[in-house]
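Trainee: Can we go through the ring contacts in this one, and then the sheet?
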Amino acid sequence: MKAIRRFTVRPVLPEALHPLSDLARNLRWSWHAETRDLLQSVDPERWAASGGDPVRLLGSVPPARLAELAEDRRFLRRLAAATDDLADYLSGDRWYQTRSSDSDLPAAVAYFSPEFGITAALPQYSGGLGILAGDHLKAASDLGVPLIGVGLLYRHGYFRQTLSRDGWQQEHYPVLDPNELPVVPLREPDGTHARVLLGLPGGRRLQARIWLAQVGRVPLLMLDSDVEENDLGERGVTDRLYGGGSEHRLLQEMLLGIGGVRAVRTYCRLTGHAEPEVFHTNEGHAGFLGLERIAELCEGGLDFDSALEAVRAGTVFTTHTPVPAGIDRFDRELVARHFGPDAELPRIEVERILQLGMETYPGGEPNLFNMAVMGLRLGQRANGVSLLHGNVSREMFSGLWPGFDPDEVPITSVTNGVHAPTWVAPEVFRLGARQIGAERTADAMTVGGPERWDAIEEITDQEIWDLRRGLREQLVLEVRERLYASCRQRGAGTAELGWIDGVLDPDVLTIGFARRVPSYKRLTLMLRDRDRLMELLLHPERPIQIVVAGKAHPADDGGKRLIQELVRFADDPRARHRIVFLPDYGMAMAQKLYPGCDVWLNNPLRPLEACGTSGMKAALNGGLNLSVLDGWWDEWYQPDFGWAIPTADGAGTDEDRRDDLEAHALYELLGQRVAPRFYERGQGGLPDRWIEMVRRTLMNLGPKVLAGRMVREYVERLYTPAAHAHRAMRPDAARELAGWKARVRAAWPGVTVDHLETSAASATAELGTTLALRVRVGLGELAPGDVEVQAVSGRVDSDDRLADVTATALKPAGGPDPDGRWVYEGPLALDRTGPYGYTVRILPAHRLLASGAELGLVAVPSEEAGEEAGVLMR
C-alpha cells in the first residue's frame, strides 16, 4: 500500500543534547573531523546506515540511546567542546577580518550557482561546477568572507546511477524531502515560510519557498517551487537538476537569477545581514539576476541605461565552458514570451532585455538568446577558470569586442581550487599535524602559503610510503564493497561473486579516472588498444590496476555507450581483478577514491577541459597526475611531480588518428615511465624516486590547488575592485556614464587616426633608442578628455601582426586646427631586439570604465596613414 500523505517525525532531544541539533544543521561537520567523529559516536551503526548524514542519524536514534547519552559525562564534555569550537569558528576573526584595509572590502558578496556540492547528505550537484561552488562556499567560510550562496533546491537532485546486466547506465530519481535534509525554512516574523514570486506569461505566478542551509559561516539560500499554490507544471520547475526542455530550463534560470535576488533581499531584511555590494554569477545559468537588479534601480527612479551601468559595476561573471555548445541558448521568442507586461519584469521593455543576450556579432546566430553573452554584457568583470581557459574564453567571446586582439578582451582568469579539509584524507591531515601541529596544518589547508607546506621536507620516506600504502588498502576494501553491491544489483547471485575478494591488490600501482562522461573527456581512450592495456594490467612484475567511475547525462546515449564499453571490458574474467567500474559516482565515493589512487589520469581533448579539479584533490593526498596539458595541469605541470600526455592536435590530424596517437603515448608513459618508477626500489627497500615525486607534489602543488587561494584571489582581484566600482556608481555617476557612453557611441564614426610621423630615419634602429611619435587625429564631436590615444608596440610576425604588446599613452600637444584635428605626441622606447613594430589607436576613456576595451570601440590608422610612418626594425 502507498501512503496518501507523508510526515517527518522529528526526535525530541533531551535538553542536554540540544546542541547536537545545531551541530547537525551546520554543514561545517562535513569538513570538520572532530564534529563528525562526535556525531558518529552517537550510534556508529546508524551513522553508517544513514550514509554519514547527521540529520537522518538523529531522526533514527532510539530514545533510550538518547537518554543514555544525556547522562554520559564524557560524551557531554565532547559535545560542549564541539559546540564551543563551532561558536568560535562562527564569531571569531578570520583572514578577511584581519585584512589591514577592511573598509575597502565588500560588505557582502552574493554568489549564484545552479548547483552546490557541499556534502552527499545534500545531493544538489551533478559534477565539477557544483563541487567547485560548494568548495567556494566552504573556503569563503574558513576565510571569513561574507558570502551569501544562492541556488535551487531540486526535489530529485541529480540522478542516481545503476547498471543493467549488460552494462547500460540506468537513472533513478529518488524523492528528496526538504524536511529530511540539513536545511531549515527561512521564516517571516509571523512564522510563515518566506517566499518569492515570479511572473509567468498570461499573468500567472510562480511561487517558491526559501530554504536555508548553513555552510559554516555562509548562508546558502535554496529556492523550491514544489508548493501547493503552484499548478502542477510550476511545481515541477525545481524537480531535477538539468532536466526538462528549453522552457523548463528557462524557468529554472529565471527563478535562480530573478528569484534569487529577491531571496537575498528577503534574507537580509529578516536577518539584518549586510546587503551584497557584489553579485557573482557562477556560469551563465544565473545571468537573469542582473535584470532583476536593473528593475530594482528603475523602480528607484533610474532609467534603464543608467541602471545597467550601476548593475555592471558590481557584477562578476565566471565562465566555465571552453566550447559554445556548453552554453545555454534559448530561442528569442521563448525569452520574449516570459517577459513584458503580462509576465516577468513588466516595466522593462522586452526589446531591451533581448538586446542583452542576442548574438549580434559576426559568427553569432541572431535569433538565439545566449546566457553567457548576457552574463558578459551585465558584468563589468569576467574570468575563466585557468590560465589556458582564460585564453580560450577571450578567443571564444572576442566577437563582443570587435577591433581588439583576443589578448585584450577583458576576461581574466582565476584558476579553480579545491577545499582541502573536505578532500584530504584524515590520515594525511594527522601526518601533517604530527609534523607541524594541528593548528598550522589547518591553516596550511585553508589559507595556504608555501611556507606552511615546506615542513613536508622533514617527513621521512617511510612515513610517506606507509601513508600511501594504507590509503591504497582502504580504497581496495571500499572498491570490493561497492563492486559487490553493483554486481548484486545487476542480477548476479552470491555464489558467483567469490572472485570479488581478489579484486585489486593494495600493493599494486593504482590509477584513478572518475568524472562526468561527455565525449571530450574520452573515458575509453585507454581501450584504444585493448591488448596493450591488458598487458599493462597483467604485467608479471609491474602490473597496474584502474578504478573508473562516472555518469553520463541522461540524454547522452553516446556517453552511455562509452560507459557500457568500459564496463564490458571490466567484466572480462581475465581483467576484472585489475580494472573496475563503480556506478553512482558522487562525493561519498570521491572522498575514498582520491586518497587511495597513486596516479590520477586525465585525458581530455585539449583545450576542452576548462580547469578540471579532480587531479587537484588527488594531489593533496599525494597522488601523482598523469594528464594531457589542459586546464590547471597546463599551468602548473612540472616533471618533478607528474607526467604530461603528449597531444596530437595538429590541424591535419583526423579524430581517429589523434586518439590512436595519444592512446599510444599513454601506454608508453604507463609502461616505460610510470610503472617502472613505482616498482623501482632503492637501497632501503623503498621506491625512493616515487616518494620524492609524492613529496614534490605536496610541497609544490599543495598551496596552489587550494580553494582558499582561489577565494583570496577572487576577493583581491575581482570582488574588491567590483565593490569599489559599485560604491562609485551612485545614481548621478551612473547617469553620467550612461550618457557619456551613448554620446561616444554616436560620435565614434567621426574618430580617426589621420597622420603619423616618427623620428626614425630608417627601418632599423639600435636597442635602447627612443623615437618621437607625432600623431594627428580627428575626434569629431568628442574632446580629448573622452579618449586615450595610444602607441601600441611589440614583436611583429611576417604578416606584421603585433604580439607581446605594450601600450603607451600619448599626450595632446595642440589643437583643434581649422579642420578640427588634434595633435598627440610621445616617446616610443625600443626595448627589445628583432622584428619590431608599432601602431597607434584611439580608445574611449572615462574614470568609471574598468577597461579601455569595455565599449568594444577602437579607431586605428588607415593603411595609407600606417605606410607613411613605416614599420620599425624589420
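Trainee: How many aromatic pairs does the count come to?
Mentor: The count comes to 19 aromatic pairs, where rings of Phe, Tyr and Trp (its six-membered ring) pair if their centres lie within 6.5 Å, with planes under 30 degrees apart stacked, over 60 edge-to-face and the rest tilted. The model is predicted: local features need pLDDT of at least 70, side-chain atom pairs count only at pLDDT 80 or more, and totals for chains, interfaces and linings use all residues. Residues are numbered from 1 along each chain as its sequence is written, and side-chain values use heavy atoms, with hydrogens and water left out.
Trainee: Why is the pair Tyr158 and Phe159 tilted?
Mentor: Their ring centres are 4.7 Å apart and the planes are at 45°, so the pair is tilted.
Trainee: Which rings are linked into a cluster?
Mentor: Trp465, Trp643, Phe678, Tyr679 and Trp690, through ring pairs.
Trainee: What sits over the ring of Trp499?
Mentor: The charged end of Arg576, 4.1 Å from the ring centre. That requires NZ of Lys or CZ of Arg within 6 Å of the centre and within 35 degrees of the ring normal. Likewise, Arg28 has its charged end over the ring of Tyr89, at 4.2 Å from the centre.
Trainee: Now the sheet. What is the strand order?
Mentor: β17-β16-β15-β18-β19-β20, an open sheet of six strands with parallel pairing. Strands (E, at least two residues) are DSSP runs numbered from the N terminus, and two of them pair if DSSP finds at least two bridges between them.
Trainee: Which are the edge strands?
Mentor: β17 (579-582) and β20 (642-645), each pairing on one side only.
Trainee: And what is the bridge partner of Leu626 in β20?
Mentor: Trp643.

Notes. Helices (H or I, at least four residues) and strands (E, at least two) are DSSP runs, numbered from the N terminus.
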